Amino acid sequence: MNTVLLIGRPASRRAVSPYSIYQPFLTTLLCWCLIFWAGVGVAQTTYYVSATGNDGNTGTSAAQAFQSLGKVSSLALQAGDSVLFKRGNNFRGTLQISRSGAAGRPILFAAYGTGAKPVLSGSVPVTGWTRSAANANVWQTNCSACGDRVTGLHRSEVALPLGRYPNASAPNKGYLTIYSHNQKYQIISVETLPLGFAGGEVAMRPTQWIIDRAVIDAQYDNALNLFNNSNYTPTEGWGFFIQNHPKTLDQQGEWAYTSSSKTISLFDSLANPNTQVITATANEKGIDMYNVSNVVLRDLHLTENLATAVAVSNSSSFSLVNVEMVNSGEDGLVITGTGNDVLVDNCKLLNVNNNAVYVDGNYRNVILRNNTIRKVGAVPGRGKSGDGQYNAIQSAGQNVLIENNVID
């Protein structure tokens, strides 16, 4: 048998601590300290961005707003922080998101103020137009900010047509015919071709579901030598046309880009382009988000990007809500790598040259709902070469819900 012996003063004679009278006060003080330090741990900061701001400001009020996407991209954002762009303002460049939020405390990128959604634009203004010596209706300018390609030229945010020969209104819907080919690297036309198309581009149909693009290296009468990276070979009797060359410009608004001289050519017989707002795609991505989680994009307008409006890789627990992706040079929303828990809700994808939405096969738990997708892959020769192009939604993910979307 085990016996426990308790030794102590009788209850009636137990000593009273001189500090006991302060116990209620000390308990209350401790509680307030815990609340204070807990608040410090989840402190949230709201940053403001305005076209009239200054990157030297604190950014923590509308009066002290930052100005550029570069400044926002450099911020050491914490869980629960918000970055708000002023409505009615235009911000050029790329927003890079490399910081993660936490469960219940995402990092938010949204809008403040009144008016139209804030615009994140991937284009640059092009000015200094002069008339071409060869054609009085063709204007030319140098785009020093442009790279080895331009995927879109816009007048007052309206996409202009890429020059092509023959025009789409010509017989056979503007397609020439391949008479013969030499592997992937040469095609010979049935029709007689004007000379001087070297440096332009061929858009051709090797199969019923592909429109490939290849740069013209040299021209020998009706034979075109090609830089062709496609997995498909040209097919006799199938169609092609020539685009993106100054010699193709003969209709209002048509344009071409010569990468070797960074020259943009524009056909305009009605007005002087120096009196207009004309922009060219220059930045690859509107939003570039990689290796992050718990991020929310809301109430933003992304436009005129060289390649992709929103590019996401290896990220989880993120959402796009009421985001517009317009006039993308190639793709709208591209989600690659590995991740889970994605929501794309009430977004608009308009005038996208290639794919509107692409979801990689290594993503799980994806919801695409209430979105509007219009005029995607609508212009032959403006999308990418090869398989899997010109699609509204291409999803290989697992446990994906696609509902209540409008595809037009």
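In what order do the seven strands of the open sheet run, and is the pairing parallel or antiparallel? Here are a few friendly notes.

1. The order is β3-β6-β24-β27-β30-β33-β36, and the pairing is parallel. Two strands pair here if DSSP finds at least two bridges between them; strands are DSSP runs of E with at least two residues, helices are runs of H or I with at least four, and both are numbered from the N terminus. At the edges sit β3 (90–92) and β36 (406–407), each pairing on one side only.

2. A word on the basis: this is a predicted model, where local features need pLDDT of at least 70, side-chain atom pairs count only at pLDDT 80 or more, and totals for chains, interfaces and linings use all residues. Residues are numbered from 1 along each chain as its sequence is written, and side-chain values use heavy atoms, leaving out hydrogens and water.

3. Inside the sheet, β6 (residues 119–121) and β24 (residues 301–303) run parallel and are joined by three bridges. One of the pairs is S121 with T303 of β24.

4. Overall, the protein chain has two helices and 36 strands. Of its 408 residues, 46% are buried (under 20% relative accessible area, 1.4 Å probe, protein chains only).

5. S315 is worth a look, in the loop between β25 (308–313) and β26 (316–321). S315 counts as buried because its relative accessibility is 1%. Its side chain reaches the backbone oxygen of S313 at 2.9 Å, and a polar atom of that side chain lies 3.3 Å from the backbone nitrogen of N291.

Conventions: Buried < 20%, exposed > 50% of the residue type's maximum accessible area, 1.4 Å probe, protein only. Polar contact = N/O pair within 3.5 Å; in protein donor to acceptor, adjacent residues only side chain to side chain.
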